Amino acid sequence: MTSSQQHPASGAPSLTGQEPLFIVLNTGSGRGDAQILQDTIRRILDEAGRRYTLVPVDDPSHLIETSERAVKSAQDEHGVVIAAGGDGTLNAVASTVLGKGVPFGILPQGTFNYFGRSYGISQDTEVALRGFLQGHVQPVQVGLLNGRLFLVNASLGLYPKLLEDREAYKQKYGRSRLVALWSGLVTLLRAPRQLRLQLEYEGRARDLRSLTLVVGNNKLQLEHIGIESQELEHNRLVAMAARPVGTLALYGLLLRGLLSRLGDAEHVINFAFDRLTVHIRGRQRVKVAMDGEISWMNTPLEFKVAEDRLPLVVPADSQYLDRS
C-alpha cells in the first residue's frame with residue numbers, strides 16, 4: 001500500500017504497506033469454491049510477504065462475533081480488516097469496523113457487487129487483492145436504519161419479498177442474473193400487499209400507499225435503474241417508492257428498471273433526504289432488507305446518513321463507478 005495521510009472523517013491511520021491483515025471470510029457466501037478463494041488469498045499474500053490472519057466463518061450467525069474479534073486485533077496491532085463474501089458479509093463486517101479507526105478492505109463475492117464496483121474494486125479476487133495491496137484509504141458514506149448500517153440499500157415491503165424469493169431460486173437453480181430476473185417475475189404474480197406509510201422528512205409529513213419503499217446509498221445501482229443520484233454526493237440518501245398498481249403495471253416498472261428508465265415512470269416517486277422517519281399504519285414490526293439480508297425491525301423506522309465515514313481501502317488507480 002502507498003502511504004497516505006490520516007483521514008479525520010474516517011479516523012483511520014496512515015497506511016504504510018506493512019500492516020497485518022485480518023481477513024474475515026464467509027465460506028458459505030458468493031459464487032466460487034471457498035477453498036479456491038482461500039488458496040488464492042494465501043498465494044497472493046505469501047508472494048507479497050504480507051503478514052495476515054485468515055478467519056473462515058462457516059456459520060453466518062457467527063460473522064459479527066468473528067468480525068468484532070478481528071477489529072480488536074486490528075486495533076491492537078495497527079492492522080486492516082478485510083471482508084471476503086457477498087453483500088451480507090460486507091455489511092456485517094463493515095458494521096463492526098465503522099467508527100473504530102480501522103481501515104476496511106473488501107474482496108467481493110456477490111452477484112452484482114454494486115458496492116465494490118462503485119469504488120473500482122474488482123469482483124475477481126486476485127485483481128481485487130492486488131489492487132488492495134497498492135491501495136489507499138477513501139472515506140465513504142454509509143446509511144443507517146434504526147442504527148444498523150447499510151452500504152447499498154435498505155427496504156421494506158415488496159423489495160424484501162423479491163430478495164427472499166430470489167435467494168430461494170438461487171439455492172435451487174444457481175446464482176445468475178437470469179435466475180434473479182425469473183424469480184422477480186414470479187413474485188410479482190402474487191399480488192403483494194400495500195403498505196400505508198407516513199413519511200417525515202425535510203420538515204414535512206407525507207402519507208403514501210405503496211407496495212415498497214427502498215432507500216439507496218449507491219450511485220451505481222441508482223443510475224442502473226434510471227434514478228438521479230447526485231444527492232448522494234451531498235451527504236444524503238435517496239428514497240424510492242411505487243404507488244399502488246396492478247400486476248401488468250408492475251411488470252412495466254420492472255422493465256423500466258432493466259432499461260434504466262425507472263426515474264421517469266409515472267408510478268414511481270423518489271426524493272433525497274438526510275433523515276427520514278417512516279410510520280406504518282397497523283404495523284409495530286416490519287420485515288426489512290439491508291444489503292440483501294432480511295430481518296424484522298420495530299417501527300417507526302429511521303433512515304439517516306451515518307456520522308462516521310467508512311475508511312475503505314480502494315485501488316490506487318481506481319476511477320470509481322464502473323458503469324459496465
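Student: Where does Q141 sit, in terms of the strands around it?

Tutor: In this predicted model, Q141 is placed in the loop that runs between β5 (135-140) and β6 (143-145).

Student: And is Q141 buried or exposed?

Tutor: Q141 is buried, because its relative accessible area is 7%, which falls under the 20% limit used for that word.

Student: OK, what does the side chain of Q141 reach?

Tutor: The side chain of Q141 reaches the backbone oxygen of R236 at 3.0 Å, and a polar contact of 2.8 Å joins the side chain of Q141 to that of N217.

Student: Which residues does Q141 touch, if I leave out those up to four places away in sequence?

Tutor: With that exclusion, Q141 touches N217 and R236, and also L232, N235, L237, V305 and R309.

Student: Switching to helices: at what angle do the axes of α1 and α5 cross?

Tutor: The axes of α1 (residues 34-48) and α5 (residues 125-133) cross at roughly 30 degrees and come within 10 Å, and the crossing is right-handed.

Student: Which residues of α1 and α5 meet there?

Tutor: From α1 the residues are L37, T40, I41, R43, I44, L45, E47 and A48, and in α5 they meet T125, E126, L129, R130 and L133. Sorted by class, this contact has seven nonpolar, two polar and four charged residues.

Student: Now the sheet with β8 in it, what is the strand order?

Tutor: The six strands form an open sheet in the order β13-β12-β11-β8-β15-β16, with antiparallel pairing.

Student: Which strands stand at the edges, and why is one side of each left without a neighbour?

Tutor: The edge strands are β13 (268-273) and β16 (293-298), and each has a single partner strand, so one side of each is left without a neighbour in the sheet. On average, neighbouring strands of this sheet are turned by 25 degrees against each other, with direction ignored.

Student: How many bridges join β8 to β11?

Tutor: Five bridges join β8 (residues 153-157) to β11 (residues 212-216), and the two strands run antiparallel.

Student: Last topic, H62: where is it found?

Tutor: H62 is found in the loop between β2 (52-57) and α2 (63-77). H62 is described as partly exposed because its relative accessible area is 39%, a value between the 20% and 50% limits.

Student: How far apart are the C-alpha atoms of H62 and N26?

Tutor: The C-alpha atoms of H62 and N26 are separated by 9.7 Å, while the two residues are 36 residues apart along the chain.

Methods:
Residues are numbered from 1 along each chain as its sequence is written. This is a predicted model: local features need pLDDT of at least 70, side-chain atom pairs count only at pLDDT 80 or more; totals for chains, interfaces and linings use all residues. Side-chain values use heavy atoms; hydrogens and water are left out. Helices (H or I, at least four residues) and strands (E, at least two) are DSSP runs, numbered from the N terminus. Buried means under 20% relative accessible area, exposed over 50%, partly exposed in between (1.4 Å probe, protein chains only). A polar contact is a pair of N or O atoms within 3.5 Å; within protein, one must be able to donate a hydrogen and the other to accept it, and residues adjacent in sequence count only if both atoms are side-chain atoms. Contact means heavy atoms within 4.5 Å. Axes are lines fitted to C-alpha atoms, for helices over the stretch in contact, and angles run from 0 to 180 degrees between N-to-C directions. A crossing is left-handed if the near helix is turned anticlockwise from the far one by less than a right angle, and right-handed if clockwise. Ala, Val, Leu, Ile, Met, Phe, Trp, Tyr, Cys and Pro count as nonpolar, Asp, Glu, Lys and Arg as charged, and the others, Gly among them, as polar. Two strands pair if DSSP finds at least two bridges between them.
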